[in-house]
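Let us walk through this structure together, one chain at a time. Please keep the 3D view open as you read.

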Amino acid sequence: MSYLTAHAGQIAQLTLQHLGLVLGGLAVAIAIAAPFGILAARVPRAGTPIFSVTGILYVIPSLALLAVAVQYLGLGPAPVIFVLAAYAQFILVRNIATALANVPAAQLDAARGLGMSPSQQFWRVELPQAAPVLIGGLRLATVALIAIATLGGYVGAGGLGDDIFLGLQRKYIDQTLAGSIPAAALAVIVDALFRLLERSSRARLE
Amino acid sequence: MLLGPSGCGKSTLLRSVNRLVVPQSGTVYLDSEDTAEVDPVQLRRRIGYVIQAVGLFSHMTVADNIAVVPSLLQWDRARIAARVDELLDLVGLDAKRYRKRYPRELSGGEQQRVGVARALAAQPPVLLMDEPFGAVDAIVRASLQDEIARIAQHLHTTILFVTHDVNEALRLAERIVVMRDGRVEQYDTPLQIVSNPATPYVRQLFALDEEERRFDSLRASLAQRKT
C-alpha cells in the first residue's frame, strides 16, 4: 500500500495513458466496425464472411497478435492500438449488425414512406432506435480493451501494464498491484457509466 | 378504396404509388405526371402515408412525429409548431395535453390519430392508407372511420385506402376497387358493386358479409348508447 501512496502521481499518469490507449483503440475499432456492421445488417449474405473473419481475429491470443504487430509497427502505442482495434471487431461488428437489424420494421417503413432519404433514415431513426443495444456493445468492448491494454507494458506503450509487468519481473507485488488495482477499478467504473447510459437511452424508447 | 383478401396485391398496388414498390410494368401517374420520372424521396414528401402498424417514431414526442415531413421540407419553427397544433386539433387530440407526450403513453387509437396527423402535416394532395384501422378494436375503429370521413371532406384530399373489411369499404368509399390474386375484379361505386357485382367472386364477397354487417350496425348503435 505504501507503494500506491508514494507513487500516486505516477499511477495517475499511467491511468490516463491507459485510458488513452483504450480510447485510441476504440476509435479505430469503431471506424472499421461501423461500415462492416452496417453492411452485415443491410445484406444478410455479407454477414457470414464478415463474422467469420472477426471471429478468427477474436480467437488469436492478443499477446501473439501483439508480437506480430510489433514486427510491422515497431514498439510504442501503435501496435497496442492495432491489437485493441482488431480484438474489438468481433464484439462491435456483430453488435452493430444486431442493433440495426432490430430496429422496428414499421418505423423504417414509415421513415421511408414519409420521404426521408437513406441518410436521414439512418441518423434520425435507425441510430436513435439502435442506441441502447449499441451502447451495450460499446460497454463490453471497452471493458475488454481496458484489460488487454495492459499488454502495452510489454512494448513500451505505457499504461498500467508498466507497473504490472515491472512488478512481476522484480517480484515486487506492491508495484504489480499498483497497476492491476487501478486497471480493475477503471473497468468497473467504465462498466457502471455505460450501464447508466444504456438504461437512460432505453428508457427513452420503451 | 382497394378491397380484397390478404395477399391479393392491394398493398403492393398502394405502395407502387409512392414508389416503395417499383412496378415491373405499367406507369403510375399522379396528376398526369409519371411518378417514375420524379425523385422518389421528393415524391413521398408530397404523399401522405399511414400504415396499420402506425410506425410512430418511439424516440420522438408526438409533436416531433407530426413535424417530420415539415422539417424535411425545412419549414421554419413557428410555422411547424402552429401546424402541429392545428393537426392535433384536426384529429381530435388536445394539443396542450398531447404535444409533449411519447407514443408509448398513448392508446392504440390515439397513436393512429397521430399517425394520420403526421401523414397530413405537409398538406399532401394524396393520402395513402394501408389498413390504417386494422389493429384497433371495433368501437375505436368506428370512431376513427367517422373521423377520417370528416377529415377527407374537410381537406379535399384524395385518399387511397386499403382494406380487407367489406364494411369499412362500404362505409367510407366513394369508389371501390375489388381485387383478387393481383387482378382487379371490379371498379365502381359501392352502390353499383352491391347491386351489380361483375363477377361471382364479388357477389360472394358482398353476400357473405350481409350477416355480419347487420351485426356491425347493431354493435355500433350499442356503442353509441354506451357513451
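In which sense do strand 1 of chain B and strand 7 of chain B pair, and over how many bridges? Strand 1 (residues 2-3) of chain B pairs with strand 7 of chain B in the parallel sense, over two bridges. Strands here are DSSP runs of E with at least two residues, helices are runs of H or I with at least four residues, and both are numbered from the N terminus. Two strands count as paired if DSSP finds at least two bridges between them.

Before we go further, a word on what you are looking at: this is a predicted model, in which local features need pLDDT of at least 70 and side-chain atom pairs count only at pLDDT 80 or more, while totals for chains, interfaces and linings use all residues. Residues are numbered from 1 along each chain as its sequence is written, and chains are lettered from A and ligands numbered from 1 in the order in which they are written.

Let us stay with strand 7 of chain B. The bridge partner of B:Leu3 in this strand is B:Val178, and B:Val178 also stands opposite B:Gln186 in strand 8 of chain B. Strand 7 (residues 176-180) and strand 8 (residues 183-188) of chain B pair in the antiparallel sense over five bridges. The two form a hairpin with two residues between them, and B:Asp181 in the turn has a positive phi of about 50 degrees.

Now step back to the sheet of chain B. Six strands make up an open sheet with mixed pairing, in the order 4-5-6-1-7-8. Strand 4 (47-51) and strand 8 of chain B each have a single partner strand and stand at the edges, so one side of each is left without a neighbour in the sheet.

What about chain B as a whole? Chain B has twelve helices and eight strands. Its C-alpha atoms fill a box of roughly 55 × 50 × 30 Å, taken along the principal axes. A compact globule of 227 residues would have a radius of gyration near 17 Å, and the 18 Å of chain B agrees with this. The radius is taken over C-alpha atoms, and the globule rule is 2.2 Å times the number of residues to the power 0.38.

Chain A has nine helices and zero strands. Along the principal axes, the C-alpha atoms of chain A fill a box of roughly 65 × 35 × 20 Å.

Start with helix 4 (residues 62-73) and helix 5 (residues 77-101) of chain A, which pack at an angle of about 135 degrees with their axes 8 Å apart. Axes are lines fitted to C-alpha atoms, for helices over the stretch in contact, and angles run from 0 to 180 degrees between N-to-C directions. Helix 4 and helix 5 of chain A are therefore oblique to each other; angles under 35 degrees count as roughly parallel, over 145 as roughly antiparallel, 65 to 115 as roughly perpendicular and the rest as oblique. Among the residues that meet here are A:Leu65 and A:Leu66 in helix 4 of chain A and A:Phe82 and A:Tyr87 in helix 5 of chain A. Residues are in contact if their C-beta atoms, placed from the backbone, lie within 7 Å. This contact of helix 4 with helix 5 of chain A has twelve nonpolar, one polar and no charged residues. Ala, Val, Leu, Ile, Met, Phe, Trp, Tyr, Cys and Pro count as nonpolar, Asp, Glu, Lys and Arg as charged, and the others, Gly among them, as polar.

Further along, helix 7 and helix 9 of chain A pack at about 175 degrees, with their axes 8 Å apart, and are therefore roughly antiparallel to each other. Their contact has 14 nonpolar, four polar and five charged residues. Helix 6 and helix 7 of chain A pack at about 170 degrees, with their axes 10 Å apart. The residues of this contact include A:Leu108 of helix 6 of chain A and A:Val125 of helix 7 of chain A.

Finally, see where the chains meet. Chain A gives 16 residues to the contact and chain B gives 17 residues. On the side of chain A that touches chain B, helix 6 (105-113), helix 7 (118-148) and helix 9 (173-205) of chain A are the elements that give two or more residues. Helix 6 of chain A gives the most, with six residues. By class, this side of chain A has seven nonpolar, five polar and four charged residues.

Notes. Two residues are in contact if their C-beta atoms, placed from the backbone, lie within 7 Å.
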